[in-house]
Amino acid sequence: MALEGKTAVVTGAARGLGRAYCRRLAEEGAKVVAVDITEPADTVGELSGSGHLGLVGDVSDPAQVDAVAATVLDRYGRCDILVNNAGIFPFAGLDELTIGRWRRVQAVNVESILLFTQAFAPGMRAAGWGRVVNTGSGITLTPNRDLAYLTSKGTVHALTRALANELGGSGITVNAIAPGLVATEGFLGRTRPTGPSTGEIIARVSATQTIPRPSVPADLAGALAFLVSEDASFVTAQILHVDGGVTRTGA
């Protein structure tokens with residue numbers, strides 16, 4: 001119960017990586033606030049312990065982020081751990097990409113990190129302790145044609161380092177976990193009118209990894225548990241690739 005007495009806020013928590021993160025944080029003793037644009041009640045219902053909370057909100061909307069933060073601080077008085085995991089990935093190459101889709105991806109994947117960190121950093125500063133973990137992506141080292149998503153994750157990595165530089169003097173660490181291709185509900189549920197299925201894509205990527213099996217959300221939970229622990233108190237501004245070794249070749 002290394003996180004007993006801590007409160008953790010996880011965005012994008014209704015399924016996939018976010019749900020796995022919530023489970024692990026609860027197992028470590030934290031009170032977990034699961035935030036998603038869809039109702040995260042199923043996530044909260046499977047968490048060990050008590051006192052957890054599910055909140056619905058659009059992480060890219062400043063007013064809704066402020067409302068979430070106000071609820072968290074009113075109920076718990078603090079946020080010790082912030083996991084900025086919310087993200088969308090509507091595939092579009094150069095010819096298909098609209099400016100509206102581009103802006104939506106940046107708003108959810110990047111701007112939400114800024115909004116939530118601005119909301120909770122003051123309390124972390126006052127406490128002299130905090131952990132911020134963002135969800136990056138190995139796609140920055142193995143780029144494809146998904147321009148908006150690729151650019152957003154490169155920005156997440158840069159923002160992670162910039163925030164670490166700004167907050168490090170206050171006892172707050174800021175890092176990012178960069179998964180490879182994870183077999184989440186969101187990815188498996190994508191429709192592809194042409195080309196290989198999502199299952200075939202996962203099989204192809206898995207074959208390029210040092211550990212040649214599909215990645216599942218639980219594979220990332222241990223990395224998160226480390227980064228928010230006291231053992232990682234001197235680890236900041238890092239992009240931790242948890243991808244079974246796929247990025248070793250840039251393939």
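This is a predicted model: local features need pLDDT of at least 70, side-chain atom pairs count only at pLDDT 80 or more; totals for chains, interfaces and linings use all residues.
The secondary structure of this protein chain comes to eight helices and seven strands, where helices (H or I, at least four residues) and strands (E, at least two) are DSSP runs numbered from the N terminus. With a radius of gyration of 17 Å, close to the 18 Å that the globule rule gives for 251 residues, the chain is as compact as a globular protein of that length; the radius is taken over C-alpha atoms, and the rule is 2.2 Å times the number of residues to the power 0.38.

Residues are numbered from 1 along each chain as its sequence is written, and side-chain values use heavy atoms, with hydrogens and water left out.

Buried residues make up 50% of the 251 residues, where buried means under 20% relative accessible area, exposed over 50%, and partly exposed in between, with a 1.4 Å probe and protein chains only. Of the contacts with a separation of 6 or more, 69% are accounted for by residues 24 or more positions apart, a contact being heavy atoms within 4.5 Å.

Let me turn to helix H8. In H8 (residues 218-227), the buried residues are Leu-220, Ala-221, Ala-223, Leu-224, Ala-225 and Leu-227, and their cover includes helix H1 (16-27) together with strands E4, E5 (130-135), E6 (172-179) and E7 (239-242).

Next, Ala-30, which sits in the loop between H1 and strand E2 (31-36). Is this residue buried or exposed? Ala-30 is buried, at a relative accessible area of 1%, and, leaving aside neighbours within four places in sequence, Ala-30 is in contact with Leu-3, Lys-6, Ala-8, Leu-25 and His-52. Ala-30 and Met-1, 29 residues apart in sequence, are 7.9 Å apart in space, C-alpha to C-alpha.

Finally, the aromatic rings: a search of the whole structure finds two aromatic pairs, the criterion being that rings of Phe, Tyr and Trp (its six-membered ring) have centres within 6.5 Å, with planes under 30 degrees apart counted as stacked, over 60 as edge-to-face and the rest as tilted. One of them joins Phe-89 and Tyr-149 edge-to-face, at 6.1 Å centre to centre and 75° between the planes. Because Phe-89 lies in the loop between strand E4 (81-84) and helix H4 (99-127), and Tyr-149 in helix H5 (residues 147-167), the pair ties together parts that are 60 residues apart in sequence. Phe-89 is partly exposed at 25% relative accessible area, whereas Tyr-149, at 16%, counts as buried.
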